[in-house]
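Student: I would like to learn how to read salt bridges in a protein model. Could we work through some cases?

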Amino acid sequence: MDDYLAVSGLDTLRSVAIRESRDNANPLEDGMGKARLVANLRRDMGYGEMIHHFKNYVLRGDAIYGQQAAQDIQSLRETLAAYREMGMNVAEQRAIRDIASVIQAYSERLLTISHLHDEQPGMSASELDARVKVDDAPAIEGLAVLDHQSDQRVAATSAAVGKTLKLLATLAPIVNGLALIMIAVLIGLSMWLFARYVLKPIRRLTQTMNTLANDDVSVVIDSTQHTNEVGQMARALQKFKYNIIESNNYKKRITQLAMHDSLTGLPNRQHFYERSEQWLADVNEEGGQMACLMLDIDKFKPINDTYGHAAGDVALKVIAERLNQVVRKDDFVARLGGDEFVVLVHNADIQANLGRHGELAQLAQRIIDSLGKPFLYEDHKLEVGCSIGIAIAPQHGNQREALTHNADMALYAAKNEGRNCAIQFSRHDELGQIVASSSRDNFPLCMSASQINYGLQDS
């Protein structure tokens, strides 16, 4: 789907919100306006925006990523300017200064990257990354300070509203006493009206404030239709609730972007690290086994070289979609970067499913067959394949580093076999050293898309 209209609409709404927050004198709105700006800073600096484009510029040298990073930096500076216009204390000034210094460092590195790409075209991505690396710690600490200041501001606002409610509750007996003295005949009617239109709404608003203070936004706020002060407080609480929901949504979105690949939507390397360590802990504590299938896409570079990165991106999306279709519901698929993917299979009885026709062998065969099917890019019929290396915990390693290393060794063996096949890691040779052979004598059950009845060798 073309998301351009939605993205444009969100940018317009954000611009309007920033402009209104500058002119709004309401302390509650001002505090949440700053919280919104802090959320914007986190989003625009995240791996889906400025840092993502900056890293792509380092790795690929494509000027479009440099332009996108420069645009993100300008947006960040505008957000910082909007925050400054809303007034700051000493802590906020220091935090904004630290964030601005990191943004400035990224801006200066963009020029350095451009010069290095022009003057030293042979420099590797790792060398270039080391030359332009920026310490993000001051910006991260600055954002934490701004979050803390927003929390304090919200707490102060909540205390002020609570104090007002307590004051109104204190005045209630005085009003009752005056009513008894002045109009004894109407005392019953006065108490009924007061209880219905003042005390009951105030008690409900007090309960609502306590619920919102515990970050529970499921509460329903009534009395918003009233035109008196209670109605004004209820409407203020309604806005307060919406701002909390918006802030929580921003945090969830930032977490989503940090744990998923922006191109394919698959979990990224960090997500893979966390999931594999979690499953390995279950294996070590509760028994069972886990399989790690390392995938490397064959014939992917020619697509990039011949048809451009746009064709490569389409190929990666097709690969991700097909992997999600062939794995089981409980399996885990991630993109580690470039054309590297990984599949994790967690099963207490996985060893019984390894043989020639076992479920794990069938899964590897489905992956090879599915990825080997051609797909269309514009008017071109393109094809890729994949090589798979398999390691199983705990016999091939009960720690993530050892398990993935052994799966990589098996992957190298698969590539040496001629690619487009799956090989399971072989445990020990007679000297007790861990090896991964590319020989078909050691791996007689190497699977390829052109071979139908091949499975995986048991360890």
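Tutor: Start with R419 and D298, whose side chains meet in a salt bridge at 3.3 Å, N to O. Keep in mind that this is a predicted model.

Student: Where in the chain do R419 and D298 lie?

Tutor: R419 is in the loop between α14 and β7, while D298 is in strand β1. They are 121 residues apart, so the pair links distant parts of the chain.

Student: Which residues are linked with R419 and D298 in a network of salt bridges?

Tutor: D296 and K415 belong to that network too.

Student: How many salt bridges does the structure hold?

Tutor: Eight. One of them joins the side chains of R400 and E277 at 3.0 Å, N to O. R400 lies in helix α14 and E277 in helix α10, so this pair ties together parts that are 123 residues apart in sequence. R400 is buried at 14% relative accessibility, and E277 is partly exposed at 41%.

Student: How far apart in helix α11 are K301 and D305?

Tutor: Four residues, which means that about one helical turn separates them. Their side chains meet in a salt bridge at 2.7 Å, N to O. The cut-off for exposed is over 50%, so K301 at 57% counts as exposed, and D305 at 53% counts as exposed too.

Note on methods:
Residues are numbered from 1 along each chain as its sequence is written. This is a predicted model: local features need pLDDT of at least 70, side-chain atom pairs count only at pLDDT 80 or more; totals for chains, interfaces and linings use all residues. Side-chain values use heavy atoms; hydrogens and water are left out. A salt bridge is a side-chain nitrogen of Lys or Arg within 4 Å of a carboxyl oxygen of Asp or Glu. Helices (H or I, at least four residues) and strands (E, at least two) are DSSP runs, numbered from the N terminus. Buried means under 20% relative accessible area, exposed over 50%, partly exposed in between (1.4 Å probe, protein chains only).
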